[in-house]
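Please keep the sequence and the coordinates at hand while reading.

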Amino acid sequence: MTQKSRLRKNQFRSLALVALTIVAIPALSACASLGGGGGGKPGDTNYVARDVNTLYAAAKDRMDRGRYKESAALFDEVERQHPYSPWARRAQLMSAFSYYLANMHNESIGSAQRFLAIHPGNKDAPYAYYLIALNYYEQMSDVTRDQKITQSALQSLGEVARRYPNTDYAADAKLKMDLVNDHLAGKEMEIGRFYERSGKWLAASMRFREVVDKYQTTSHAPEALFRLTETYLALGVPQEAQKSAAVLGRNYPGSKWYDRAYQLMQKHAPAQAAAPASGAATTGA
């Protein structure tokens, strides 16, 4: 696991603490290891029927020791062997959390979704929704690859923010949504720059226009406005180029992108460059 991934895990642990502490572990004096010796072999989770206290305590023990895959399997056993126990509901969430810590994201999402399907109105539902979002968020790929997972992360984080606006989960989800939007804007910029290098000016302008219209609060907006200025000039529509440069001047007057856009307008469309920021709106080109 990278240092960045470990940091994200640690940040999430603080939010997930409620799932680990709001209920005391039953019968902590019970033997925490199954199969007698607690040797931690992979076969440890293939158990005959055991009482719920022993199973749950063993699962928590594996989690505390960082053996998350085993922990998840044991929590699954609690649910399988004791489906009507009050601990079955808790075990579902703990299984999802263990899979998350093990970087088994699909399994974690599945456990959390199963919990929500059975207990949609449970007080721990915000935690389950947030955990689903975190699993998608941590699978986001770089901007050169397909962004289907990134879109799923944005949708899931948005659901947390809408459903539970006054929770810590929502506050963190909103911060992450800003990062996800920046990531998606970066993808649009990557494609737009590719089209621009290929001389496909119209296709490039559509990508940059998408960033300006949909991701105008991200870090990519100034460059997108500059690239629009470039592509509109290449397309032979200096009036549209001037509009992009004007918006850039109004919103980002001290940026390098505005300086470059102004110089570009002076060179290729001096009439329009006379007052590039005059009458510019604050949003949209």
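Are Arg90 and Asp124 buried or exposed? In this predicted model, Arg90 is buried, and Asp124 is buried as well.

Arg90 and Asp124 form a salt bridge in which the closest N and O atoms are 2.6 Å apart. Arg90 belongs to helix α4, whereas Asp124 sits in the loop between α5 and α6 (125–137), so the pair ties together parts that are 34 residues apart in sequence. Side chains of opposite charge can pair when their charged atoms come close. The model as a whole has a count of 20 salt bridges.

## Ion pairs within helices

An α-helix has 3.6 residues a turn, so residues three or four places apart point the same way.

The side chains of Asp213 and Arg209 meet at 3.0 Å, N to O, and Asp213, at 46% relative accessibility, counts as partly exposed. Elsewhere, salt bridges that share partners join Glu190, Arg193, Glu196, Glu223, Arg227 and Glu230 into one network. Glu223, a member of that network, lies in helix α10 (residues 221–234). Because its relative accessibility is 11%, Glu223 counts as buried, and, leaving aside neighbours within four places in sequence, Glu223 is in contact with Met189, Arg193 and Trp257.

## Helix α2 and its ends

Helix α2 covers residues 52–64, which makes 13 residues, and from its first C-alpha to its last it reaches 18 Å, close to the 18 Å expected at 1.5 Å a residue. Of these 13 residues, 10 are buried, so α2 is largely enclosed by the rest of the structure.

At the N-terminal end, Asp51 caps α2, with a side-chain oxygen 3.2 Å from the backbone nitrogen of Asn53. After α2 comes Gly66, whose phi is positive, near 80°.

How many residues does helix α11 (residues 238–251) have, and what distance does it reach from its first C-alpha to its last? Helix α11 has 14 residues and reaches 20 Å, which is close to the 20 Å expected at 1.5 Å a residue. Its buried residues are Ala241, Gln242, Ser244, Ala245, Ala246, Val247, Leu248 and Gly249, and what covers these buried residues includes α10 and α12 (256–268).

A positive phi also occurs in a residue other than glycine, namely Asn103, where the value is near 60°. Asn103 is found in the loop between α4 (86–101) and α5 (105–118), and Asn103 is partly exposed, with a relative accessible area of 37%.

## A nonpolar surface patch

Which residues form a nonpolar patch on the surface? Trp201, Leu202, Met206 and Leu235 do so, and together they have about 400 Å² of accessible area. Met206, one of these residues, is found in helix α9 (residues 201–214), and with a relative accessible area of 57% Met206 is exposed.

## The chain as a whole

The protein chain has 12 helices and 0 strands, so that, because helices and strands are taken as DSSP runs, the pattern read along the sequence is α-α-α-α-α-α-α-α-α-α-α-α. Buried residues make up 50% of the 285 residues in the protein chain.

Among the contacts with a separation of 6 or more, residues 24 or more positions apart account for 61%. The accessible surface of the protein chain comes to about 14000 Å², and carbon and sulfur atoms hold 51% of that surface.

How values were computed:
Residues numbered from 1 in each chain as written. Predicted model: local features only at pLDDT ≥ 70, side-chain atom pairs only at ≥ 80, totals over all residues. Heavy atoms only, no water. Helix = DSSP H or I, 4+ residues; strand = E, 2+ residues; numbered from the N terminus. Expected span 1.5 Å × (residues − 1). Buried < 20%, exposed > 50% of the residue type's maximum accessible area, 1.4 Å probe, protein only. Polar contact = N/O pair within 3.5 Å; in protein donor to acceptor, adjacent residues only side chain to side chain. Patch = residues over 30% accessible without salt bridge, like charges linked within 9 Å, V, L, I, M, F, W, Y side chains within 5 Å. Areas by Shrake-Rupley, 256 points an atom, 1.4 Å probe, with all protein chains shown as cover. Salt bridge = Lys/Arg side-chain N within 4 Å of Asp/Glu carboxyl O. Contact = heavy atoms within 4.5 Å.
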